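Subject: Structure handover

Hi,

Here is the structure for you to look over. My notes follow below.

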Amino acid sequence: MKNKIWLSSPHMGGTEMNYVQEAYDTNWVAPLGPNVNGFEQDIINYTGVKAVSVLSSGTAAIHLALILLGVKSDDEVLCSTFTFSASANPIVYQKAIPVFIDSEKDTWNMCPVSLEEAIEDRISKGKKPKAIILVHLYGMPSKMDEIMAVASKYNIPVIEDAAEAIGSTYKGRAMGILGEIGVYSFNGNKIITTSGGGALVSNNSEYCKKAIFLATQARDEAPHYQHSEIGYNYRMSNIVAGIGRGQMEVLDDRVAARRANHAYYQENLGSRQGITFLQEPEGFFSNRWLSCILTKSFEQREKIRLALAKENIEARPLWKPMHQQPVFENYPAYTNGVSEELFEKGLCLPSGSNLTKEDLNRVISTINAVMNV
Ligand SMILES: *Cc1c(COP(=O)(O)O)cnc(C)c1O
């Protein structure tokens, strides 16, 4: 059996262990300490955002973002349908109602026209949506000017789910800092990883302060343990944050490597009949977290996926839209066919920043062999 080529595997930079060792040596083995503060400062320096709270996961960050925006039982929250389930699950944690919005073809992200239609329709049905969860999928920025114009017209706050998009920019500004609250993920398969972890970011530092309060069991100021709000155990540990500090040192290298993967695939597969790639519109800079192809049909997509699997190469269909998921299919959805077609015809190719030219060539030659029959 040839060695396995993974879709997206962790890629350590080398200095992570120094930060972890320091935490160990100084006995800062807790959900606070110098690495937690240092990692938060690193994220501030990198993105230009005002404030950061590092947390146990991106999912926890989305959950707290909804709480901070006052999302409660029976409130409606608009959410990209073309995403990973973790974008939408926290809406249900709050006993609120997800309302799914389809994508447009230029970025595969939330369609601003469908968004406005949905808002108008929800208002006409008697309920104004409480928040928008906007996902920058596979690292591609959403059409921010158009989305933010709709959001501010109706005065609905935007949570940017930038779990896949740290290192991406829109008109030169980092994803995650353009909405009311932004979310990053440092899960094992993301562009940088702390094994598991996330962050909530905002230019309103009150949100981050409150997020830390909620993430550390919501203790009131008192000598004893006193609580007037429900708390969570969502803070990031100082050990995990040490990995994050090391990873921040190599984030730009990781983005460059992933973008090089995408460019190489496009050079060697793009001209093949029937395979297309998502282009970056002017002013959009994607970290190319995953390199995705669109094939002509479901059958062709499956043929390629199965041929890769046979060669011990991991590839994965694009995200199955939330409105098609058994767990979410009874919630309202404003669809236009775009995400369903992407799911049918799309495939994510191995995209790790640690792939070799040899790995990439193995992927390309396997696909070319399928396309030639
Ligand atoms: C990974 C991911 C999340 C969840 O982040 P975790 O850190 O794994 O909890 C949320 N949204 C999207 C789009 C993701 O890809």
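How many residues of domain 1 are in contact with how many of domain 2? The count is 48 residues of domain 1 against 38 of domain 2, where contact means heavy atoms within 4.5 Å.

First, the ground rules. This is a predicted model: local features need pLDDT of at least 70, side-chain atom pairs count only at pLDDT 80 or more, and totals for chains, interfaces and linings use all residues. Residues are numbered from 1 along each chain as its sequence is written, and side-chain values use heavy atoms, with hydrogens and water left out.

The domains. Domain 1 covers 16-248 and domain 2 covers 251-372; the bounds come from an automatic or database domain assignment. Their centres, taken over C-alpha atoms, are 25 Å apart.

The interface. Together the two domains bury about 3,800 Å², 65% of it on carbon and sulfur atoms (accessible area, 1.4 Å probe, lost on being put together, summed over both parts). Trp-108, Tyr-138 and Ile-191 supply 21% of the area that domain 1 buries against domain 2, more than any other three residues.

The cysteines. The whole structure has zero disulfides (a pair of cysteine sulfur atoms within 2.5 Å). Cys-292 is buried at 5% relative accessibility, and Cys-348 is buried at 1% (buried means under 20% relative accessible area, 1.4 Å probe, protein chains only).

Best wishes

Conventions. Buried means under 20% relative accessible area, exposed over 50%, partly exposed in between (1.4 Å probe, protein chains only).
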